Amino acid sequence: MRLHPRTEAAKESIFPRMSGLAQRLGAVNLGQGFPSNPPPPFLLEAVRRALGRQDQYAPPAGLPALREALAEEFAVEPESVVVTSGATEALYVLLQSLVGPGDEVVVLEPFFDVYLPDAFLAGAKARLVRLDLTPEGFRLDLSALEKALTPRTRALLLNTPMNPTGLVFKERELESIARLARAHDLFLISDEVYDELYYGERPRRLRDFAPERTFTVGSAGKRLEATGYRVGWIVGPKEFMPRLAGMRQWTSFSAPTPLQAGVAEALRVARREGFYQALRESYRKRRDLLAQGLKDLGLRVYVPEGTYFLMAELPGFDAFRLVEEARVALIPASAFYREDPPKDLFRFAFCKAEEELHLALERLGRVVNSPREAEGGAVSG
């Protein structure tokens, strides 16, 4: 007896593995992207009020109150919104709904690790377009993107602000992507879970340029510092949304009702009280603290334009050796590339308390500057 080969796509990812090692070894966890901060009090209070009042199944499309709150945010009708059990389920449902055997999905590389398994489980092939890595950071070559499209291409999956690079796509890039999608009749999946974490001007949404074919994925966990709540959403063309809601009947059926109710209330409070602006300023401060500290250690740092991740080069090190010897957990670039990742590149999560970032820098400094490294004893990452 054997399991079906599709289970090969379900191997444990490096993120929980690294978090488990960090916990066991007492390491500072700059690997998995969950905040050290607790969720905001207004979210906790809203969820407490919902407990005991809204505890049964919600409709598969989502609790009406949450769909209405999100419709206000996106300036759409509630019928254009489907609530999911986190953005991960949203992406799975979309790939299952939009592509199938023989189809191709264009994915930008580096990529969040669920994209390729989701395409594989839908029976589709992922065609990768690698971002250029320059001294100034990661950049998209639009001509390379166009060349990757074939008659079998059915969808393009984009992440902005982008994990792991921190890149925020500019208006001209989004316009070009929308134009390509129309010319080739493609669906667009825009993973925007970090939509409120940007450090310049507010970025445009891809759906602004092609609303008739764009499905926007979002996450309350990222916006409200509550990644364990698993409340996500899809905003898309109204005519397709009933089928998406039907598809998710066969996954989780519905996201937890009291959490949906709490998020519905909290989204309005967050916008009204300037929570997102304060969150961005807090993360900007932590980004700059970590980036400068790594530069002071002599590392090349790619300062992000969005998200709470940055990438930096740490020559001659292996992620598993670092967590054991430096007691700092990081994610190697290999987690975000199918093959031939950039050498010595790591992702650092700065959604942690400032004291954790200071401690991580202190521990990294002791290892990076140790005589053993000068002797070339490191294992290649």
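Visitor: Which residue of strand 10 does V82 stand opposite?
Guide: V82 faces I234 in strand 10. Keep in mind that this is a predicted model.

Visitor: How many bridges join strand 2 to strand 10, and do they run parallel or antiparallel?
Guide: The general idea comes before the case. Strands of a sheet pair through backbone hydrogen bonds, either parallel or antiparallel. Here, strand 2 and strand 10 are joined by 4 bridges and run antiparallel.

Visitor: Which side chains of strand 2 point one way, and which the other?
Guide: In a regular strand, side chains alternate between the two faces of the sheet. Strand 2 covers residues 81-84. V81 and V83 point one way, V82 and T84 the other. All are buried.

Visitor: In what order do the 4 strands of the open sheet lie?
Guide: The order is 11-12-15-14, with antiparallel pairing. Strand 11 and strand 14 (331-332) stand at the edges. Each has a single partner strand, so one side of each lacks a neighbour in the sheet.

Visitor: How many bridges join strand 12 to strand 15?
Guide: There are 5 bridges between strand 12 and strand 15 (residues 345-349), and the two run antiparallel.

Visitor: What is the angle at which helix 2 and helix 10 pack?
Guide: Two packed helices are described by the angle between their axes and the distance between the axes. For helix 2 (residues 41-50) and helix 10 (residues 257-272), the angle is about 145°. Their axes are 8 Å apart. The crossing is right-handed.

Visitor: Which residues make the contact?
Guide: Helix 2 contributes F42, L43, A46, V47, R49 and A50. From helix 10, the contact includes P258, L259, V263, E265 and V269. The residues of this contact divide into 12 nonpolar, 1 polar and 2 charged.

Visitor: What is the phi of R230, and what is that of T307?
Guide: R230 has a phi near 55°, a positive value in a residue other than glycine. For T307 phi is about 70°, again positive, and T307 is not a glycine.

Visitor: Where does each lie, and is it buried or exposed?
Guide: R230 lies in the loop between helix 8 (220-223) and strand 10 (232-235). R230 is partly exposed, at a relative accessible area of 38%. T307 is in the loop between strand 11 (300-302) and strand 12 (309-313). T307 is buried, because its relative accessible area is 0%.

Visitor: Over which residues does pLDDT stay under 50?
Guide: Where pLDDT is low, the predicted coordinates should not be read in detail. The stretch is residues 373-381. The model has 20 contacts for it beyond four places in sequence. For the protein chain, the mean pLDDT is 94, and 97% of its residues reach 70 or more.

Conventions. Residues numbered from 1 in each chain as written. Predicted model: local features only at pLDDT ≥ 70, side-chain atom pairs only at ≥ 80, totals over all residues. Heavy atoms only, no water. Buried < 20%, exposed > 50% of the residue type's maximum accessible area, 1.4 Å probe, protein only. Pairing = 2+ DSSP bridges. pLDDT = per-residue confidence, 0-100. Contact = heavy atoms within 4.5 Å. Axes fitted to C-alpha atoms, helices over the stretch in contact; angles between N-to-C directions. Left-handed = near helix turned anticlockwise from the far one by under 90°. Nonpolar A, V, L, I, M, F, W, Y, C, P; charged D, E, K, R; others polar.
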